[in-house]
Amino acid sequence: MITIYTFGPYFGLPDASPFVMKAMMLLKLAGLEYREDRGGLRRAPKGKLPYLDDAGTIVADSTLIRFHLEEKYGTDLDAGLDPAQRATAWAVEKMCEEHLYWAVVAARWLDDANFAKGPAGFFEVVPWPLRPIVERLVRRKVAAAAWAQGLARHTPADRDRLAIRDIDALAALLGEKPFLTGEHPCAADATVFSSVAHLLTPTFDTPLLEPTRMHPNLVAYRDRMMRTYFPEFAESEAMVAG
Ligand SMILES: N[C@@H](CCC(=O)N[C@@H](CS)C(=O)NCC(=O)O)C(=O)O
């Protein structure tokens, strides 16, 4: 049995991390059973989640997990796509992960009110009097990572303008198709779905929620994917935003 190391459900979503949700989706798209383990962060080989244990083979990083599943189980999660569609899917995935994701991180971790509504809850397991110290350290680490990536150096207004370009691009690329590249999901749908679901959760008051909600095709896509792949979350509070 494959074990995937996760943070667990938060904000009405299957996982607090879009990368973990993506990896869970990839496992579902590959038709593989898995179990979740929420206690793996301290032993994470790269200090991040997700990572996976497949009969003793440890794979850390959601995209490397994809490659592992495709290689070990002989499946092509982009089956049926031509080279240009594969290239577009890859570029869109990396736009979500390396650009849009950081706007979501900034909105949640740098804004005090949003931090209190979301990430602060991750530290409830830390006993007093350590909790505020650990919380401050981790928050500082996340802020430093967002600064190093670059998006956090902009004013919030510029950051949001840049992220809204990504959101509009996703909506335009999806169009009226059920999935990013057509009638069937491809690997990048795992990322796009988890990104859109995270953008739409009403837990956070962010300037990215309304620009996402304004695209009925993105909302319908999120709803469709959630109903199909995570039906246990289809009625959660995160789905109210649509
Ligand atoms: N490139 C990695 C990114 C994973 C990632 O950034 N995970 C974050 C949560 S969204 C994490 O585990 N952060 C914990 C930390 O930095 O301490 C992937 O695709 O899996």
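Residues are numbered from 1 along each chain, following the sequence as written. Because the model is predicted, local features are reported where pLDDT is at least 70 and side-chain atom pairs count only at pLDDT 80 or more, whereas totals for chains, interfaces and linings use all residues. The protein has an average pLDDT of 97, and 99% of the residues score at least 70, pLDDT being the predictor's confidence in each residue on a scale from 0 to 100. Helices (H or I, at least four residues) and strands (E, at least two) are DSSP runs and are numbered from the N terminus. Where pLDDT is low, predicted coordinates should not be read in detail.

Strand β3 (residues 51-54) is paired with strand β1 (residues 2-5) in the antiparallel sense over four bridges, two strands being taken as paired if DSSP finds at least two bridges between them. Within this pairing, Y5 has Y51 of β3 as its bridge partner. Strand β3 also pairs with strand β4 (residues 57-60), again in the antiparallel sense and over four bridges; here L52 stands opposite V59, and D54 has T57 as its bridge partner in β4. Strands β3 and β4 form a hairpin with two residues between them. With 8 other C-beta atoms within 10 Å, A55 is exposed, where the classes are buried for 20 or more other C-beta atoms within 10 Å of the residue's own, exposed for 12 or fewer, and partly exposed in between, with C-beta atoms placed from the backbone.

Most residues other than glycine have a negative phi, and most peptide bonds are trans. A positive phi, of about 55 degrees, is also found at F11, which is not a glycine. F11 lies in the loop between β1 and α1 (18-29) and counts as partly exposed because it has 19 C-beta neighbours inside 10 Å. Two peptide bonds are noted here as cis. The bond from L49 to P50 has omega near 10 degrees, and P50 is placed in the loop between β2 (34-37) and β3. The bond from W128 to P129 is cis with omega near 5 degrees, and P129 lies in the loop between α4 (112-117) and α5 (131-149).

Both partners of the L49 to P50 cis bond also belong to the surroundings of the ligand, which comprise S17, F19, G47, K48, L49, P50, D61, S62 and T63. A residue is assigned to these surroundings if its C-beta atom, placed from the backbone, lies within 6 Å of the molecule. The shell divides into three nonpolar, four polar and two charged residues; in this scheme Ala, Val, Leu, Ile, Met, Phe, Trp, Tyr, Cys and Pro count as nonpolar, Asp, Glu, Lys and Arg as charged, and the others, Gly among them, as polar.

The largest nonpolar core has 59 residues, of which A23, L26, A103 and V196 touch the most other members; such a core is a set of buried Ala, Val, Leu, Ile, Met, Phe, Trp, Tyr and Cys residues joined through C-beta atoms within 7 Å. Two or more residues of this core are given by each of β1, α1, β3, α2 (62-73), α3 (83-109), α6 (156-174), α7 (187-200) and α9 (216-229), and the largest share, twelve residues, comes from α3. Leaving aside neighbours within four places in sequence, A23 is in contact with I4, P50, L52, S62 and I65, contact meaning that the C-beta atoms, placed from the backbone, lie within 7 Å.

T206 is found in the loop between α7 and α8 (209-213) and counts as buried because it has 22 C-beta neighbours inside 10 Å. Not counting residues up to four places away in sequence, T206 touches A107 and N114, while T206 and R108, 98 residues apart in sequence, are 8.1 Å apart in space from C-alpha to C-alpha. A172, by contrast, has its place in helix α6 and counts as exposed, with 10 C-beta neighbours inside 10 Å. A172 and N217 are 45 residues apart in sequence and 9.2 Å apart in space, C-alpha to C-alpha.

Notes: Two residues are in contact if their C-beta atoms, placed from the backbone, lie within 7 Å.
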